[in-house]
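Below is a short report on the fold and a metal site. Please view the structure first.

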Amino acid sequence: MKDSSNLPKNMTVIPTGAALGAEITGLDLSRPLPAEKIAAVREAVLEHGVVFFRNQSLDDAAQVAFTRYFGPASVHIRDNQPDRPTDEIMVVSNVREHGKPIGSLGHGEIRFHSDLSYMSHPGTFSVLYAVEIPEAGGTTSWCNNNAAYDGLDDTMKARLAGLRALHLHFRPEQNPDPAVDHPIVCTHPETNLKTLFVSPYFAKSVVGMSEDEGRALLETLFAHQTQDEYIWAHEWRVGDLVIWDNRATMHRREPFQDSQRRILKRTQIFSESRPVG
Ligand code: OGA
Ligand code: MN
């Protein structure tokens with residue numbers, strides 16, 4: 001992640017003090033942002049991996065417009081979104097109306113993952129905007145995969161060089177055919193930093209290794225990545241907007257009671273290039 005300074009007037013970037021994450025204050029995201037502020041937000045996301053803004057009041061169009069500052073907002077590929085007035089918005093929710101879910105991802109745990117890593121061109125930035133938040137649970141944590149790479153010993157770094165992992169979504173119809181593999185250690189195209197690009201949710205095997213050997217290596221990496229020192233947890237409040245870089249981080253959601261309502265809106269940008277080692 002990268003250094004930023006010389007912020008535009010009234011804008012502050014306050015690091016969380018944990019392995020990653022920062023809060024940006026002084027911006028109203030419902031209004032168009034000037035180029036210098038867009039550039040400063042981008043720099044902050046690249047430097048801190050994940051950035052949040054409190055007390056935002058956004059409609060779908062404003063969220064899509066904000067997302068487009070950073071690349072083409074993709075139309076969501078999932079077809080199980082019942083009500084989708086804005087194609088680029090994916091509703092993340094456990095709420096059911098008239099017996100039908102209004103969104104995706106339910107109320108269970110979502111294990112650590114980088115969005116869309118099972119695609120040949122995975123996600124770059126993702127944006128989540130909090131509309132309704134449960135009283136307890138549903139916390140989202142991010143992991144700094146640059147720091148996790150740096151924290152490996154030299155023997156492991158040498159072992160990983162040139163290795164690739166197969167990424168699979170648990171729902172077969174979401175995977176491309178053939179399924180894709182990516183380097184286990186990727187070089188971030190904008191920061192040039194090395195990152196550990198595997199996650200417990202999607203990385204399933206190591207190309208060229210036996211099932212058992214690959215699984216054992218991945219489990220070792222997952223245990224390393226998910227140590228507290230690499231992680232920061234966000235306690236959601238209504239009106240939060242969070243934006244993160246999937247190329248340098250992975251994230252996990254804690255479960256929450258299905259009797260509680262949780263509604264977030266998500267937008268997403270895909271990479272224009274394939275991850276490189
Ligand atoms: C996502 C996701 C986590 C959450 O939308 O990509 O992982 O906290 N959401 O809902
Ligand atoms: Mn996700």
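Helix α1 (residues 35-48) lies across β1, β2 (22-25), β3 (50-53), β9 and β17 (241-245). Its direction runs at about 130° to β3. Helix α2 (residues 60-68) also packs on the sheet. Helix α2 touches β3, β9, β17 and β19 (263-270), and its direction makes about 30° with that of β19. The model is predicted.

The sheet itself is open and has 8 strands. Their order is β1-β2-β3-β17-β9-β19-β4-β7, with mixed pairing. The edges are β1 (12-15) and β7 (104-105), each of which pairs on one side only. Strand β4 (residues 90-93) pairs with β7 in the parallel sense, over 2 bridges. In that pairing, V92 has S104 of β7 as its bridge partner. Strands of a sheet pair through backbone hydrogen bonds, either parallel or antiparallel.

Now the metal site. Which protein residues are donors of the manganese ion (ligand 2)? The table lists them.

| Donor residue | Donor atom | Distance from the manganese ion |
|---|---|---|
| H113 | NE2 | 2.1 Å |
| D115 | OD | 2.1 Å |
| H251 | NE2 | 2.1 Å |

Along the chain, the donors follow the spacing H-x1-D-x135-H. D115 lies in the loop between β8 (110-113) and β9 (123-132), while H251 is in strand β18 (residues 249-253), so this pair ties together parts that are 136 residues apart in sequence.

Conventions: Residues numbered from 1 in each chain as written. Chains lettered and ligands numbered in written order. Predicted model: local features only at pLDDT ≥ 70, side-chain atom pairs only at ≥ 80, totals over all residues. Heavy atoms only, no water. Donors = N, O, S within 2.8 Å, 3.2 Å for Na, K, Ca; no water. Helix = DSSP H or I, 4+ residues; strand = E, 2+ residues; numbered from the N terminus. Pairing = 2+ DSSP bridges. Contact = heavy atoms within 4.5 Å. Axes fitted to C-alpha atoms, helices over the stretch in contact; angles between N-to-C directions.
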